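Please keep the sequence and the structure in view while reading.

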Amino acid sequence: MIDTYRHKGLRKQLVEELRAKGIKDETVLNAILSVPRHFFLDAVFTEQAYSNMPFQIGAGQTISHPYTVAFQTELLQLKKGDRVLEIGTGSGFQTAILCEVGAKVFSIERQRELFLKANRIVPKLGYNAKIKYGDGYKGWPSFGPFDKIIVTCGAPFIPEDLVAQLKPGGIMVIPIGAGKEQEMLLIKKDQDGSFAQSKLGFFSFVPMLKETSK
Ligand code: SAH
């Protein structure tokens with residue numbers, strides 16, 4: 001796969017589109033400019049890879065809209081070296097964006113086929129995220145606690161294990177809702193262990209499912 005000047009030009013346009021939609025964090029916009037999204041998609045989608053659209057990535061799942069990726073990443077207020085747990089690796093694009101902004105990323109995917117693909121492409125691009133095949137509801141306690149947690153599938157409720165693995169002072173971004181639409185929640189865990197929640201609009205994610213597939 002090659003990353004051409006044309007692809008780079010298309011990424012520049014995408015960044016301007018995201019800026020116009022309200023994304024302000026320059027480190028997030030720079031990450032979108034740097035990560036070749038077309039590498040994470042089937043070759044048939046290469047031409048459209050930089051439009052603000054979701055695409056099928058296999059196993060009935062979709063890569064998130066670039067706007068959603070940028071929006072969730074911005075909410076995490078990442079600092080270099082932050083330990084970030086991602087639930088729903090999917091294509092690995094969001095994983096790469098988190099690495100690009102300097103986070104130490106731990107990502108879980110429940111579809112074996114997608115886990116295998118992402119676990120190839122992410123290191124191939126030079127990012128050293130730790131990716132595992134497993135159930136995101138349980139989090140990844142042996143690598144926790146985490147400064148930040150990002151869930152990229154629609155959760156029917158806030159999983160207790162994830163809350164427990166968030167550091168005091170930590171932030172979790174999670175779309176909540178069992179139907180077609182989910183409400184984006186920003187959860188802040190205070191130093192004393194109490195929580196503050198803000199609601200940040202409606203999005204449409206694939207559902208967060210129980211257990212792993214075969
Ligand atoms: N960030 C990804 C989003 C992919 S869609 C991207 O942009 O490509 C969400 C992903 O969450 C899907 O790949 C789906 O298989 C995964 N998922 C659903 N339920 C899960 C669970 N319980 N644990 C881990 N991953 C899960």
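## Terms and basis

A residue is called buried when its relative accessible area is under 20%, exposed when that area is over 50%, and partly exposed in between, with a 1.4 Å probe and protein chains only. The model is a predicted one, in which local features need pLDDT of at least 70 and side-chain atom pairs count only at pLDDT 80 or more, while totals for chains, interfaces and linings use all residues. Residues are numbered from 1 along each chain as its sequence is written, and side-chain values use heavy atoms, with hydrogens and water left out.

Asp147 belongs to strand β6, which spans residues 146-151; helices (H or I, at least four residues) and strands (E, at least two) are DSSP runs numbered from the N terminus. With a relative accessible area of 17%, Asp147 is buried.

Its side chain makes a polar contact with the side chain of Lys167 at 3.2 Å. Such a contact is a pair of N or O atoms within 3.5 Å; within protein, one must be able to donate a hydrogen and the other to accept it, and residues adjacent in sequence count only if both atoms are side-chain atoms. A polar atom of the Asp147 side chain also lies 2.7 Å from the backbone nitrogen of Arg83. Leaving aside residues up to four places away in sequence, Asp147 touches (heavy atoms within 4.5 Å) residues including Gly81, Asp82, Leu166 and Ile171.

A nonpolar core is a set of buried Ala, Val, Leu, Ile, Met, Phe, Trp, Tyr and Cys residues joined through side-chain atoms within 4.5 Å. The largest has 49 residues, and Leu18, Ile23, Ile32, Phe40 and Phe93 have the most contacts inside it. Among the elements that each supply at least two residues of this core are α1 (5-20), α2 (26-34) and β8 (182-189). A second, separate core of 20 residues includes Ile87, Cys153, Ile176 and Met208.

Within α2, Val28, Leu29, Ala31 and Ile32 are buried. Seen down the helix axis, the buried residues of α2 fall within an arc of 155 degrees, so they line one face of the helix; the arc is that of the directions from the helix axis to the C-beta atoms. These buried residues pack against α1, α3 and α4.

## The ligand

A polar side-chain atom of Glu109 lies 2.6 Å from an oxygen atom of the ligand.
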